[in-house]
Amino acid sequence: MATSAKSFLADAGYGEQELDANSALMELDKGLRSGKLGEQCEAVVRFPRLFQKYPFPILINSAFLKLADVFRVGNNFLRLCVLKVTQQSEKHLEKILNVDEFVKRVFSVIHSNDPVARAITLRMLGSMASIIPERKNAHHSIRQSLDSHDNVEVEAAIFAAANFSAQSKDFAAGICNKISEMIQGLATPVDLKLKLIPILQHMHHDASLASSSRQLLQQLVTSYPSTKMVIVTLHTFTLLAASSLVDIPKQIQLLLQYLKNDPRKAVKRLAIQDLKLLANKTPHTWSRENIQALCESALHTPYDSLKLGMLSVLSTLSGTIAIKQYFSSAPGTAATTARSFDLVKLAQECCYHNNRGIAAHGVRILTNISASCQEKDLLPLEQDAVFGLEALLVLCSQDDSPGAQATLKITLTCMVKLVKCRPHLSQSVVESLLTQLQSAQDAARILMCHCLAAIAMQLPVLADGMLGDLMDLYKLIGRSTTDKKQELLVSLATVIFVSSQKALSSEIKTVIKQQLENASNGWTAYRIARQASRMGNHDMARELYQSLLTQVASEHFYFWLNSLKEFSHAEQCLTGLQEDNYSSALSCIAEALKSYHKGIASLTAASTPLNPLSFQCGFVKLRIDLLQAFSQLICTCNSLKTSPPPAIATTIAMTSGNDLQRCGRISNQMKHSMEEFRNLATRYGDLYQSSFDADSATLRNVELQQQSCLLISHAIEALILDPESASFQEYSSNGTAHVDSEYERRMMSVFNHVLEEVESLNRKYAPVSYLHTACLCNAVIALLKVPLSFQRYFFQKLQSTSIKLALSPSPRNPAEPIAVQNNQQLALKVEGVVQHGSKPGLFRKIQSVCLNVSSVLQSKSGQDYKIPIDNMTNEMEQRVEPHNDYFSTQFLLNFVILGTHNITVESSVIDSNGIVWKTGPKTTIFVKSLEDPYSQQVRLQQQQGQPPSQQQQQRTAYSRF
């Protein structure tokens, strides 16, 4: 995962990248020293880019000290530029090593006579609050500046006070009274009060501080009833409650009170916005009375905009635990039906509202109630939800405005959710989708196709019924090459692939190919081929890849497409397998292996240093080895016929005490085969662990391959090697898990079928008979007959995470060792930066980084002493949590044995679920352990026969001077 290129620091200032970092810094420094203001400003604003490229402390420290110098001596415009850079680079501030020096240079400007310079300095201090939360001189300056007569300076002091209050408990406690005096003081203008009030949201460090701030806000909200004041005070109130947690129920009541009683629309809107915030953050604190009050307000309000807001809060709550509390804690639940609840009445009333947004929230509430309250008899509600969804579908599918598309997305998401938890509704939902698909706008058709694909994946029973309608629509698509038409071709083809689960008929293939020839570009054809590979339609995929080979602009793309074509051809060869026909199975596997070997050569040629295709190569190599193992197993099973056990096999078995010997040479071959499958399972596990950025479907696919290896090894053991102790309990529960794709469903059914066969044979017959070998061969053929699915991560990387490590001390040249005396310990500092792509944490996030340091003695120098084994190697492990994507830690290493030691630092990642991912990188440095001078002297003297005591006296005499 991590880049193999070493960080600039790893080369200790002498490598090529280090030169880049230094030269970049020198270039910017030259700009800072320029006499022209424009060049200085340009140099300052280029610093964030430098920090992004070289995010290690040694460079960031130097850069910030240079910026602090510019801040100290420059004019106000330069200071403003430095302030903006500091605010942009907030996550790098903690890497400043000389914080005191940095603050001293910045702080000197606070004594300026220019109030604007003082204001910029205060904002600068506020931006640095995370690294200097307890600096008393900064606290004092902020307090002083709050009393200034210059508005710009006071506003800057308010900004700094808010930032320091968020970081420092002492500052928050100290400034709280000052802020309350200013807010309540008659001399303070109203606009300044409005800016001071939000500081109180940070007074959550302890209960008494939060309580006093809450009392003050309570007074303010009653003393100053003007609209602006109420809005700012209520919002601060909400943020304070959300941070301190204890007052959230009270705050919900207060907001509902304002929503109900305050006649001003602006205040009502603010109350709704804050209720939404609390519904997202703490849905469990909403009582039945709270939800009831909100329902009543929504039922009685005449304004659509407010109704929309309230329904948005209710639809958020309906997807959480709050909805269960609402229905379960109702008085007289037994007597009341679901329809008699106000929430249900409101949702039913809104389902057919002329405002699309209100209608969408109405059906969403009904869907969530149907999904989460399954123990209740909700048949009427389900019908209401379906009718509401169908009405919205008709309304939105004819309109291609952004608002209609957003509503359609909500509608289709609700449809998928409803079908998932209430499968009996699926038929009517699918029929309405197919009917509407004919007349809808292209933008709506694309979304509806995604919805149909999701439903067909969950309920494959429905898939066949869709096919006719889909093919008719596919033929009807016009010949225009607009983006929407191209997208629609891909979406429709995906649904067709999902619907025709077993294999594509030649008619379907012809229709798809004709449309692609008529109206598509190469990218559309590639995307359809990619979907065919994911769904296991390899013959279609192969033809499409073949047609694209000559349409790409680079050699790497050609090799990539060629490898995909070969892989599709290889998998296509395996579709001709038939049970009980083992010789044709061997020839099919051999043909597939031939194509796979061609494909892997092409895939290797397609990789580049920036895109090494490591997952793809690893996955394909494992597939090749798995096919070879399957082929070997079939040959081994056939060997029972070609070389049956000799006549004296039983006697050999009795004399050796090994009962398996009576089966002849097949027993040893089976043992090797079983070990090979176990080894393959381990390698699949390693591939899984190294794929931190893969989506869940890809990981599940790798897991299924691993399980198929374990299944065959278990079958060999249970049938032939150790039938007595074979246990079927641990394997039998696999089928109960929820399955997400047709590929997984088919693999699971094969697993269960094979296990049943093995278990029944295991009980009836002693090994080894032709029944046992036939069972193993049929298991292999059954596994291979399920077309392999090439999942998304094989083609597309949606999340990208890499780690860059820097070790210090580092040698000038990577091949040179670092010199260390054998009576000293080496302090190895490991620093690292986590780098992300455009969507960080899309599938999983890094919780902590595990650093493993090990050293191995490479070559000894000097005499061979007997040294305890503990001193021979260093093995250490530490876990560090990255902060702002940066981490650092230290290791103390012993090198008692003289010679060259190889130190390896390997990083792995632990995600938020505690799962360890072996992502790398692995960095190596060499250490040369030298004998310390005194020991060397003593040894030499002993060799020459001199007593060491005299030398000892000389040494102590010298050491005095």
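How many bridges join strand β4 to β7? I counted 13 bridges between β4 (residues 846-860) and β7, and the two run antiparallel. I took two strands as paired if DSSP finds at least two bridges between them. Helices (H or I, at least four residues) and strands (E, at least two) are DSSP runs, numbered from the N terminus.

Before going on, I noted that this is a predicted model, in which local features need pLDDT of at least 70 and side-chain atom pairs count only at pLDDT 80 or more, while totals for chains, interfaces and linings use all residues. Residues are numbered from 1 along each chain as its sequence is written, and side-chain values use heavy atoms, with hydrogens and water left out.

**Entry: β7 and its partners**

I looked up single positions next. Serine 859 stands opposite threonine 900 in β7. Strand β7 covers residues 899-911 and is also joined to β9 by 8 bridges, again antiparallel. Across that pairing I found isoleucine 903 opposite isoleucine 925 of β9, and valine 905 opposite threonine 923 of β9.

A further partner of β7 is strand β8 (residues 916-917), with 2 bridges in the antiparallel sense. There, valine 909 has tryptophan 917 in β8 as its bridge partner. The hairpin of β7 and β8 has 4 residues between the strands, and glycine 914 takes a positive phi near 85° in it.

I then checked cover. I used buried for under 20% relative accessible area, exposed for over 50% and partly exposed for in between (1.4 Å probe, protein chains only). By that rule β7 is mostly covered, with 12 of its 13 residues buried.

**Entry: the two faces of β9**

In a regular strand the side chains alternate between the two faces of the sheet. I listed both faces for β9 (residues 922-930): Thr923, Ile925, Val927 and Ser929 are on the covered one, and Lys922, Thr924, Phe926, Lys928 and Leu930 are on the uncovered one. Strand β2 (residues 818-821) pairs with β9 in the parallel sense over 4 bridges. I noted glutamine 821 with leucine 930 of β9 as its bridge partner.

**Entry: the three-stranded sheet**

I found an open sheet of 3 strands in the order β1-β3-β6, with antiparallel pairing. β1 (801-808) and β6 (886-894) each have a single partner strand and stand at the edges, so one side of each has no neighbour in the sheet. Neighbouring strands here are turned by 25° against each other on average, direction ignored; the axes are lines fitted to C-alpha atoms, for helices over the stretch in contact, and angles run from 0 to 180 degrees between N-to-C directions. β1 and β3 (residues 825-836) pair over 8 bridges, and alanine 806 has glutamate 831 of β3 as its bridge partner.

**Entry: aromatic pairs**

I counted rings of Phe, Tyr and Trp (its six-membered ring) as a pair if their centres lie within 6.5 Å, with planes under 30 degrees apart stacked, over 60 edge-to-face and the rest tilted. The structure holds 24 such pairs. The rings of tryptophan 560 and phenylalanine 795 have centres 6.4 Å apart and planes at 80°, so I logged the pair as edge-to-face. Tryptophan 560 is in helix α30 (residues 555-573) and phenylalanine 795 in helix α38 (residues 792-795), 235 residues apart. Tryptophan 560 is buried at 13%, and phenylalanine 795 is buried at 14%.

Phenylalanine 619 and phenylalanine 790 are also edge-to-face, 6.3 Å centre to centre and 70° between the planes. Both are buried. The cluster linked by ring pairs includes Trp560, Phe619, Phe790 and Phe795.

Serine 708 is found in helix α35 (residues 696-721) and counts as buried at 3% relative accessibility.

Glutamine 405 is in helix α22 (residues 402-421) and is buried at 12% relative accessibility. Beyond four places in sequence, glutamine 405 touches Cys396, Asp399, Asp400, Ala443, Ala444 and Leu447.

How values were computed. Contact means heavy atoms within 4.5 Å.
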